[in-house]
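Me: Please take one part of this model and go through its surroundings closely. I would like the contacts first, then the wider setting.

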Amino acid sequence: MERYQSTLGIVINKKTSKESDLLITILTPKSGKIIALAKGAKNIKSSRLGNLQLGNTIKVQLYQKDNFNWISETQNINPFLQTDKNLAQLNLLFYFLEIVNQMIAENQHLEGIFDVSKNIINAINKNLISQYIQNEIKFLELLGFGVPSDIKDNFSKKDYKTSQKLIKRFFESIIEKPLESNKLFK
């Protein structure tokens with residue numbers, strides 16, 4: 001990464017660091033998954049906190065210092081929570097962001113992953129389950145894992161519930177542990 005960079009990104013994870021700082025994980029089109037520090041972002045006067053919500057597509061100004069990325073400015077391009085969401089949509093978002101965070105290594109760029117991820121979040125936002133699953137299948141293909149035939153068969157039969165269960169099971173077999181996001185809304 002260059003010392004100063006302006007890029008689009010999808011906020012896929014955030015953690016509190018110290019009292020008012022946030023460690024933000026961002027999926028970018030060219031640099032892949034980046035972890036950056038947003039110093040003072042939780043401060044009440046910070047304009048960045050609203051932009052750094054999970055699922056948001058943002059324009060972010062990054063700079064690198066001491067081999068670490070720092071966020072200086074953010075601008076919301078496509079906020080996920082701009083309209084009301086139901087619990088199923090929120091659960092799908094958290095589930096997908098957990099998968100992205102687990103499946104993509106830091107600083108790993110995979111061609112097309114950013115665009116497919118944006119399409120998945122857009123499908124969740126608009127509650128389009130078939131488009132969501134179709135893009136999940138593309139996501140798996142771009143990661144290089146291939147897609148088991150039973151997933152494709154159920155998707156072609158428009159059995160979306162079974163397709164989603166099989167995709168979830170396949171992701172869990174790849175990461176070799178159960179996904180935690182499903183426990184959020186049970």
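Reply: **One side chain and its setting**

Beyond the residues up to four places away in sequence, Lys33 touches Ile12, Thr25, Ile26, Leu27, Asn101, Ile104, Ala105, Glu106, Asn107 and Gln108 (contact: heavy atoms within 4.5 Å). The model is predicted: local features need pLDDT of at least 70, side-chain atom pairs count only at pLDDT 80 or more, and totals for chains, interfaces and linings use all residues. Numbering runs from 1 along each chain as its sequence is written, and side-chain values use heavy atoms, without hydrogens and water.

Lys33 sits in strand S3, residues 32-38 (strands are DSSP runs of E, at least two residues; helices are runs of H or I, at least four; both are numbered from the N terminus). Lys33 is buried (under 20% relative accessible area, 1.4 Å probe, protein chains only). Lys33 has no salt bridge (a side-chain nitrogen of Lys or Arg within 4 Å of a carboxyl oxygen of Asp or Glu). Glu106, the nearest side chain of opposite charge, is 6.7 Å away (Lys and Arg count as positive, Asp and Glu as negative; His and chain ends are not counted).

The Lys33 side chain does reach backbone oxygens: that of Asn101 at 2.8 Å and that of Ile104 at 2.9 Å.

Leu27, one of the residues touched by Lys33, is among those with the most contacts inside the largest nonpolar core, which has 35 residues (buried Ala, Val, Leu, Ile, Met, Phe, Trp, Tyr and Cys joined through side-chain atoms within 4.5 Å). S1, H1, H2, H3 and H5 each supply at least two residues of this core, and H1 gives the largest share, nine.

Conventions:
Buried means under 20% relative accessible area, exposed over 50%, partly exposed in between (1.4 Å probe, protein chains only). A polar contact is a pair of N or O atoms within 3.5 Å; within protein, one must be able to donate a hydrogen and the other to accept it, and residues adjacent in sequence count only if both atoms are side-chain atoms.
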